[in-house]
Amino acid sequence: MRWWPPRWPGRRRAGPAEPGSSAAAGRALVPVQNSPSPVQHRASDPMFGREAELDELTALTSQAVLIVGDSGIGKSRLLEAGLARLAESSTRPEVICSTRVQLTRRPGALQGALLEALGLAVTMAEAAEGPARRWERIFRDTLAQVAQNRVRDMVAGAHGYMLGIIRARLGDPVADLIAEVGDQLSLSAADRLSNQIAAASDPDALQAFKELAFCASSLTDGPLVLALDAVERISDDDFRMLLDLVEDLPQGVFLLMAHASRAADDLARIRQLDEVGSKATVAAAGNDDDPAPRALRVVSLAPLPTPVVAGWMEHVGLNWRAAESLLEDVLHTTGGYPLYVDQALRALAAGRDLGTVSGEDAFVSRSQQNYAALQLDEQQVVTLLSAFTDPPDLPIVLEVTGLDEVRWTVMERRLVEARVLVTSVRGRPWFHELGRRAIWTSILSSHQRGASATVAANAILASADAAGSSSIQDCMDLARLSRDAPNVASAHEALAEALDLVSEELALLAAMVELEEDGNQGALSLDHLVRHARHRFGFSGPVGTVVRDLEDKRLVVTAENDDVVIALPVWRSPAAKMAVIGRIATDLGRGPIQSLASTLFEEYVRPLLGEFHAGSFGVGSPSVTELGRTLGQMEYDRAVEAGVEHVSRHDRPGLVIRPRLGDLRLYGAVNFPSTELRDAARHQLASLPDDVHGLGEPLRFEVILPWPAEGDPLPALRFTRAAKLAIGEDFKNASHFTKAKSLPPMSTVAAELELELDAWRIVRELSSPTERLAMDIDQPYGLVLVGDETQAWVGEVRGADDLIDLGPPPGTLTSKRMFLQLEELAGLRDDRHISRVRYRGGTPSNPVPSVLSATHKRLQAFNKAQRIGYRLQIPDDVGLLSAMLNRAHQQRYDDAIALVDAGILPQDSDRRFGREVFAIIRRERPGDRLRGFEHSLETLSIPSESAPGEVYLMITDEPSLSVGFPDVEEFGRWFHIPEFDPMRATRTSGRLNGALADALGYDEVRLPQSYWT
């Protein structure tokens, strides 16, 4: 049990913020949207999160656009999307687009790619005259405008170069027609010069491209858009030609390019292109006051933000809201790089773990190249820091690297420029996760990994000790690094055992980590632990064996009695607990949330409660009566002044709540300064949609009960008085050993338990929702029986409503862990679990008296827990009181009939349930104190021909009724009763408050003040 405000025992370092989250208001409860089933087409189609960049790319406000970003950031995909949008655009004249042409590293690749893009654009463009005729016009006009023989030759060479492209795209017939065009134009040097174009960079070849592109553009009604990818690959000579081209692109020709920014050389080239584009703009404008559009615009791509990745996951049918850490894990693994997000989502859709996602071989190769290009001191820092998955806090960085803050700042900038730290984690430059893995596994030697792991593991432990807490990622890193650093594992007690745990042991420990709270000192119901481990961590092993193994490893201790088995985790060192948590997150794919109940109430429930005075919460399902008693304790305020304790009591309205998180049942009791605040909180909780999730699990509130309960107290004697009406016996204080004369004996224990279940079942059907809660039968209730007629173990099964008779046990049952033995023998799973175990010895007996007595005790306890002096108020109006008595009379009759019809009580053919009841309330007069008469209730009950009969009430203080008890004949005269058989009548007399309580089904009532005057 925990009391607000909680003292946080640990923290879970937050990953990327969820869409729509608000730190100020706690985590919002968001209904899960319906997502389509996982799609089969590419997860990257459509494109996600690049609308602004796509708009900038396709606006064509600059003749050249350079898309820049790291490998995997989505440059090629954006380029393709831009070409597709331009080709489909209806907002401008026809745009002629090439497809995306990939550049290579050979000399002359630029001019060849430009001519290829031009050939593809013109050839594939729709035109009434056909591609052959269009090419004839382009080459004829170009040759007419070119004066230099060298450039004319290069135009001829371009014809031969593009002829191969056209043949591959449109087939031999079209290519042959275009070849004939070349013959007509006497392009005799085409073959020789086309080879020359493909061999080396040549300014004349670039000029030939410009002339051809200009003529091609002039023959179209709209822009001519060419697309080049992987521009970073071109040689230095080609790059200088590209700078010239950006300054002097032909009118109507637009160049879209993609350039990686992974290395310092790449960044230098990007800056040069940006500067040239800017200078070309100023030169074209002629002045700085009215500049023309930039000749080149740079579009930088950043990793996808969290909301975009979340939307992408929903699009492919991955419900990140139902598994809260899944979104964080995808972002962490991929860095928000679309290429790797695509790979990750494909892996998840195929049922694979994110650990299977890896970069391409080229990615690993680039990491090796970048590492090799570093200076020695940079390599040392990278070797040490690559042990950490996330960037550690600055003090740890300085401790691990041995640098001061100024030198680290310089080093960090150098690693960013060297494209080693290429992404950002929590706002700090860091490795791309796939790049970090490549360094750790493919570049560093085993000796380097061992030394770095030792330093990093010790730093993680020191940080956790100083902070008093650790993140899930720190725990995962510690578990991983400890395997590479045996000296660390041997230096901390139980750390080695934590590294050797199997998945079933980890699952049970994971449940302990989540469910332990400060208030329970770690002691937890093993029943709750096992069900929680099954639901959240896939536990499926034999409980007894797993618990014994954990006890043997001195990681768990257990104890039990008839009602519960408790388990207590034993963390022999902080390192062992961190390693266990790290192993859970790594091996089971779900990081445990420490003190889950505290987290749930703080992040999800507390923001909905508004202002309240105090609260208590925890894991389990105590009865509402127990929670009501807790609220009663909260009504007392204690203060110490001058060494003296002062206690004051306040009637504060409360709420009893039972949240359910997935398969985990929790409870809460909260009181409020005013009824208005209580009702507002109640409305907030009751208004939540049915499909909300919290901490990755469905969250719903099964019980939201105002306290004190609304309306009158519950009639605690309801069912015992119904039995008295039916068979004439009172089971108010009965027990299991009560022998009822009118009830049949039981032949077997199984028959006894079947009748017990039937009795509780009919009681549950007859009861109101509040009565069910008060008697703790709001959930289905069944039994499991193991044993024979002389001795047996009986388990009360929540989530079932039948008897599971297992007969004699297959072996010897031990008293230790009886809960688990019975659950395993009965094969209970999911929401069916044993809540209590009782030993059954002796001969079978009829269970009805003990069941009906239990209804009285539980309802009575519920009433007493409401508030001090909580009793039914008797009205002073005779009409209202008469109506109350008739309602109670009707209910008693209906209950008696239902219990008989269900076979719970036997049928008495001579007994009529319908009764006419005549009641006289005699109020004393001042000074009249005859013993036994003051404030008395006299009743006469006779059989009724109609069911259920009525109650007739008279209140009097006539002196003629103050002496002696009225006899049957007198009742007949006072109420004008027709003739009846006095031998079948029943007359009672008693003190008014007790007699009215009994008639209404209560233990006690409160009389109005008017009865005393």
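Is R721 buried or exposed? I looked this up before anything else. R721 is buried, with a relative accessible area of 6%. I use "buried" for under 20% relative accessible area, "exposed" for over 50%, and "partly exposed" for what lies in between (1.4 Å probe, protein chains only).

**Ground rules.** The model is predicted: local features need pLDDT of at least 70, side-chain atom pairs count only at pLDDT 80 or more, and totals for chains, interfaces and linings use all residues. Residues are numbered from 1 along each chain as its sequence is written, and side-chain values use heavy atoms, with hydrogens and water left out.

**Salt bridges.** I took a salt bridge as a side-chain nitrogen of Lys or Arg within 4 Å of a carboxyl oxygen of Asp or Glu. By this rule I have 40 salt bridges.

I went back to R721 and found its side chain in a salt bridge with D998 (2.5 Å, N to O). D998 sits in helix α37 (residues 992-1000) and R721 in helix α30 (residues 718-727), so this pair ties together parts 277 residues apart in sequence. Helices here are DSSP runs (H or I, at least four residues), strands likewise (E, at least two), numbered from the N terminus. D998 is partly exposed, at 28% relative accessible area.

Next I checked K577 and E516, whose side chains meet in a salt bridge (3.3 Å, N to O). K577 is in helix α26 (residues 574-587), and E516 is in the loop between α23 (503-515) and β9, 61 residues apart. K577 is partly exposed at 21%, while E516 is buried at 13%.

Then came E756 and R838, with their closest N and O atoms 2.8 Å apart in a salt bridge. E756 lies in helix α31 (residues 749-766) and R838 in strand β22 (residues 833-841), so the pair ties together parts 82 residues apart in sequence. I also noted a network: salt bridges that share partners join R658, D776, D778 and R798.

**A sheet.** I found an open sheet of three strands in the order β9-β11-β10, with antiparallel pairing. Its edge strands are β9 (524-525) and β10 (556-560), each pairing on one side only. Strands pair if DSSP finds at least two bridges between them. Five bridges join β10 to β11 (residues 565-569).

**Last stop.** V647 is in strand β14 (residues 644-649). V647 is partly exposed, with a relative accessible area of 46%.
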